[in-house]
Amino acid sequence: MQVVIEKKDFGRMVDALAGDRTLIAPIELDTGDLLYSYVLEGMKVCLETDRVPLMSAKEFFFESEEPLFYFQREGTRDWHLTLPPEPEERVFLGIRSCDLKGVRYLQQFFQEPLKDETVIQRIEKTLFISLGCPKPAPSCFCVCCDGGPFLNDGFDIQLVDLGDRFLCDVLTAGGEALVSEHSDLVRPATEDDREEKTSLLEKVDRAFTRRSYMAAGVKAMSLDSVPEKVWSTLENRCIGCGGCAFVCPTCTCFNVLDRSDGPGGVRVRTWDSCSYSGFTREASGHNPRSRKAERLKRRFYHKLSYQSLVSAGRLGCVGCGRCVLACPVLVDMSTFVTTLRDDEAYRGHG
Amino acid sequence: MKATICPFCSCGCRVLPRRSAAGKVVGLTPSRNHPVSMGSLCMRGWHAVEYALHRDRLTTPRVRKNGRQVPCSWDEGIERAAGGLRDVIEKHGPEKIAFIGSTRCSNEDNYLMTKLARAVIGTSNVDAGGRLDFFPILDAVEEAGGGAEATLERIEAADMLFVIGSDLSGSSPMAASRVFRALERHAELVVVDPRPTALANLAHHHLRVYPGTDRYWMRGMMACLIRAGRTDPRFGPLAKSLSHFSLPHAQEVCQVPLTTMETVAERLARARKAVFMLGTGIHKHGEATRHTVHDLVRLSWITGHMGTQGSGIMVVGGDNNTQGAWDMGMSRHRNESFPGPPEGKPDQGMDYAQVIDALLSGELRALYVMGDDLPASQNPLREALSTLDLLVVQDIFRNDLTDLATVVFPASSSFERAGSFTNLERRVQWFGPILDPLENTRPDWDILGSLARSLNSDFLFQDVSEVTDEIASQVPRYRDIDSARLKKAFNGILCAAAGEREPQNGILASQENEMVPAPSPGGEFPLLLLSGRDPSTWGTGNRSSRITLLAREATPATLHLHPDDAKSLGVKQGSKVRTVWSSGMIETPAALSEDVPRGLAYMPTQRVDGAFPLRPKRTLPVRIETC
Amino acid sequence: MDKLYIPQKARIAGVKDETADVKTFELRLEDGKKRRPDFLPGQFLEVSFFGVGEAPFCISSSPTEQEGFDITVRSVGSVTRALHTLEVDDAVGVRGPLGNHFPVEEVKGQDLLIIGGGIGLPPLRSLIRYVLDNRKDYEEVTILYGARTPADRVYKHELSDWEARGDIHLLNTVDAADSAWKGRVGVVTTLLKEITVDTNRTTAFTCGPPIMIRFVIQELLGMGFSPQQIVTTLERAMKCGVGKCGHCAVGHQYICVHGPVFTFAQIGRLAERV
């Protein structure tokens, strides 16, 4: 079903949500950055889309650091574990289409072939009110990745910004239930509303200045035809920061370590990145990806062919553009695939 | 302000806390609206906060009683330190006391230490570890009038870039970032480095200079331009001093081909905006560094890039507050315009190296160290430290130095407090706490304040911003950079006005022609060892080794040799070798690489805490032995 | 998180010194009816020493044996060093069985050629014991084992027992002998020259140091084995062991889920070098 809510009334719905549910939304920091956050007292929810939030939505489902369990040893004779609490219900308001697509990618990844129950439960217990972007940021290229700026599924409610009001695409029973709770604030959508949405979709597509040739990238990967010079140039630029993995909605690599100070402690998992040389180094010292070029190849193949296309049947990139912003040295996805189309730029200088 | 500044390199990225669902800080996120970080961080920045949460943090003051260190209260620790200082002043005089500050501590911490030393104790023996690497370069740039005016923005907008003696991708990644953006705009890049670094591999010109001979290519370029009639009559005296400069000889010494010198000099003369990034690779010894920097300023001067819009010199590769520590007077060759604390006399005391000498000779009786990695694990330094009348150490982790101390004060990390750091652009930036202070730790400035009050001074600072405000009133360069402005200036405040600079004619026209010949290694120590850095290990690694993913990156120290040299030494890939120098040695595996020039050896300094000599010159004559 | 990352309790029922730095631990599960997990040869476990960490170990005993299950551990890193301090009745955590297994069903009725090098024998021991406990399902069984020195040989007593059996053919060698060694000297590939196989009906299994495997496979191909007939195990740094953390990923496969057992044909199709 489709309903409409005036923007002047929308604030009341947000307040109500913040009041009686656990609400996650993009907030504006005093640094001017946008960040997805649990909405607490005094925070300013911001649904502008000219900037993409600093980090993706994944940290609410697959956390930057979280306990797998707590342990207590009795010498070496015995041990006991305590599990962290079960996930709770949450509402995620204002998650961008690209980020929601990323969450659905995570859902598929953590479900099969073995199920990570905590991640899956967190996703299943979240009501998604996604935000389709009426205008993109210069770094965005979701249109090239079948990731937006408006989706046909994956959300409970999708907000379409029509200027003075939101058209809400309501897809699920959960979404409908929420709408009926605020029936005094909404009205059914009309033909005019729907037409405005259609023309908005056409307009916004043209507003994307960054055209990334994902098809070229996928093709080059599949044919294994990326010139060696491309890898060596990237290798000399990449500083191995790992930032691309941390900001990426579909990156899922993690490290596991025990922390303890005596007989008690915790086993945590933390975000990790295949860009780090230590990621594949074995206890013997042998490292199958000792060269940076090998790690870069791995990253791009993973995103553009293997894991995604072969295993998941979809592209491993949602075009959110965060790697474009987070990579200080132009080794981001967009630059990479564009280069493959235009070899010139990567000839290097000497 | 709920954001801080990364405490590793001198870029000064603005970082925000990243929290788990439970509200615990689990990492850092870069701010995007910041002129340095611009949404990026390096591998250190993403994980920096982890060390502050490490269980090895010092959590109680300690004092030595009957030969053993025991926990004590703050009052007891402060009184012991104050009493110890009073005793030494009485018995030996204030000139037997030295203070060592830190290029990693804030402006306020270093300022108060300088003030404590000069105004309260009455000694001018105050310096920081930066004396061994970056301070001499900053001194020389300042002296020549070519103060570091370059900003990261200028790097990106320049049409010619020099990166001299720095593996920029690791040491100042955000500067490297701007270099790559400049390359996209077709800027020309010159990298001067004996080894092929990542940046050198993408450069238009890679000058594989023989270490320590940079004056030869710099003068060579000047001579080329002068002889080609490309410089104007203003530079007459300089031209005259170079009239007998032998280009063929220069080529032979520095191993930069004459044609390269000519080409690059010409390109530089034509460039409209040139930025020079200078690292510690130019070090050879004492005076030579000073003259090398002066020659670079001369080169920038005669090619029209001194103090002109868009051009500049930037010192890269330092710590988060190398610039600030230097500005606060943590330097023997202080900027004359810094008058020092109100009651102090700005006379010259011992610098870091001289303090070590005085320590070893037994002349020094008391040492106060704040946040410095003084290598205390080996003799003779270890023994000398043990025999001081008083050794006070402020730090965040226990180490060999704190173990020897008479009094240990547990400091708060930068993540737990506020203050200001000055980055490589001379951008002064406020940092605010993102963690609750670890219980029973205190900020460095606060510890110094307590100590000063215990010595009956009027250090009545209640809040760090009061110190910031005093700096704003006392340090000419920091005038008007008060705490109120800083706290609101998320992007910091640039403290050097970028504008037309008049060269200090005295310096630039002066001859300084005596070129100390590059000491060629030979005899007992026939190879020259280059030290370098792996980005995962910062300094001696006391912080970076306590960050999981960085510790995982760091590999054991390895000596790199050219295959030809290795062959003649009988060294194979992976075999164990002993690197011996005049005052020590270290055993590591060897690796063969054509990236290492013949006659040189290369060892990234990781996990060699204490094994390198106290004055880690950039190059060291060594002998390689098989084990 | 539940089952995926949560270890079960296992108690040490026996510890045996194999070499100076290798021990075999016999483990038994607690907190349940079963004393050992349901596994097949080739599968592995993630074993925890809480506070230090977790590491993967192949199960070196056979599921056909009663009671517990074995892991053979070489002390080389922090987790293995910690495990080596443990004694009988100490408790560890185990997760598993993980990974795939040797194709014990598919090779029924065939001749088996099993080639082990040094510390590569543990997964093969599981296979060998399984085969011996199901002896009539398999035809000729030939075992070749090589170690660097006599002291480095694991399962010394068992090797003697196997050698003494009439229904299998076992040859030993060492790279370098000591004064007591009376047997063959030479790398394990030299043993291949002393046997005859019918490559039409033989499957070869090999585990050991990467360089040894390379040479063995080369020889096998030269003898006429096709890549599908050669089975080996791959190792990579592992963390979660359940195909999520990314550490052991090679191409689109995870060694911990799609492996560690692979045929040489499958390895050839992997997208990265191993």
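**Helix surroundings, domains and chain contacts in a predicted model**

Helix α17(B) is followed by B:N456, a residue whose phi is positive, near 60°. The structure described here is a predicted model. The buried residues of α17(B) are B:D444, B:W445, B:D446, B:I447, B:L448, B:G449, B:S450, B:L451 and B:A452. Their packing partners belong to chain B and include both helices and strands: the helices are α2 (74–91), α3 (107–121) and α18 (464–474), and the strands are β13 (366–370), β14 (390–395) and β15 (407–410).

Chain A was examined next. Chain A contains 12 helices and 12 strands. Its C-alpha trace spans about 65 × 65 × 40 Å along the principal axes. A compact globule of 350 residues would have a radius of gyration near 20 Å, and the 22 Å of chain A agrees with this value. Of the 350 residues in chain A, 51% count as buried. When contacts in chain A between residues at least 6 apart in sequence are considered, 70% of them join residues at least 24 apart.

The division of chain A gives domain 1, residues 2–207, and domain 2, residues 214–346. The C-alpha centres of these two domains of chain A are 25 Å apart. Contact between them involves 35 residues of domain 1 of chain A and 26 residues of domain 2 of chain A. On the domain 1 side, the elements of chain A that give two or more residues are β4 and α2 (97–111). Strand β4(A) gives the most to this side, with 10 residues. By class, the domain 1 side of the contact in chain A has 20 nonpolar, 7 polar and 8 charged residues.

Helix α2(A) also packs against another helix of chain A. Two packed helices are described by the angle between their axes and the distance between the axes. The axes of α2(A) and α3(A), the latter formed by residues 117–124, come within 9 Å and cross at roughly 145°. The crossing of α2(A) and α3(A) is left-handed. On the α2(A) side the contact is made by A:V103, A:L106, A:Q107, A:F110 and A:Q111, and on the α3(A) side by A:V119, A:I120 and A:I123. The contact of α2(A) with α3(A) comprises 6 nonpolar and 2 polar residues, with no charged residues.

Chain A touches chain B through 34 of its residues, which are in contact with 35 residues of chain B. Five elements of chain A each supply at least two residues of the side that touches chain B: the strands β4 (65–74) and β11 (254–260), and the helices α7 (228–237), α8 (243–247) and α11 (322–326). Helix α7(A) gives the most to this side, with 3 residues. The side of chain A that touches chain B divides into 13 nonpolar, 14 polar and 7 charged residues.

Chain A is also in contact with chain C, with 39 residues of chain A and 35 residues of chain C taking part. On the side of chain A that touches chain C, at least two residues each come from the strands β4, β5 (78–82) and β11, and from the helices α3, α9 (292–304) and α10 (306–312). Strand β11(A) gives the most to this side, with 6 residues. The side of chain A that touches chain C has 20 nonpolar, 9 polar and 10 charged residues.

Chain C is likewise divided, into domain 1 (2–98) and domain 2 (111–233). Taken over C-alpha atoms, the centres of the two domains of chain C are separated by 24 Å. In this chain, 16 residues of domain 1 of chain C are in contact with 15 residues of domain 2 of chain C. Strands β1 (8–19) and β5 (69–74) of chain C are the elements that give two or more residues to the domain 1 side of this contact. The residues of that side of domain 1 of chain C divide into 6 nonpolar, 7 polar and 3 charged.

Key: Residues are numbered from 1 along each chain as its sequence is written. Chains are lettered from A and ligands numbered from 1 in the order in which they are written. This is a predicted model: local features need pLDDT of at least 70, side-chain atom pairs count only at pLDDT 80 or more; totals for chains, interfaces and linings use all residues. Two residues are in contact if their C-beta atoms, placed from the backbone, lie within 7 Å. Helices (H or I, at least four residues) and strands (E, at least two) are DSSP runs, numbered from the N terminus. Ala, Val, Leu, Ile, Met, Phe, Trp, Tyr, Cys and Pro count as nonpolar, Asp, Glu, Lys and Arg as charged, and the others, Gly among them, as polar. Domain bounds come from an automatic or database domain assignment. Axes are lines fitted to C-alpha atoms, for helices over the stretch in contact, and angles run from 0 to 180 degrees between N-to-C directions. A crossing is left-handed if the near helix is turned anticlockwise from the far one by less than a right angle, and right-handed if clockwise. The radius of gyration is taken over C-alpha atoms; the globule rule is 2.2 Å times the number of residues to the power 0.38. A residue is buried if 20 or more other C-beta atoms lie within 10 Å of its own, exposed if 12 or fewer, and partly exposed in between; C-beta atoms are placed from the backbone.
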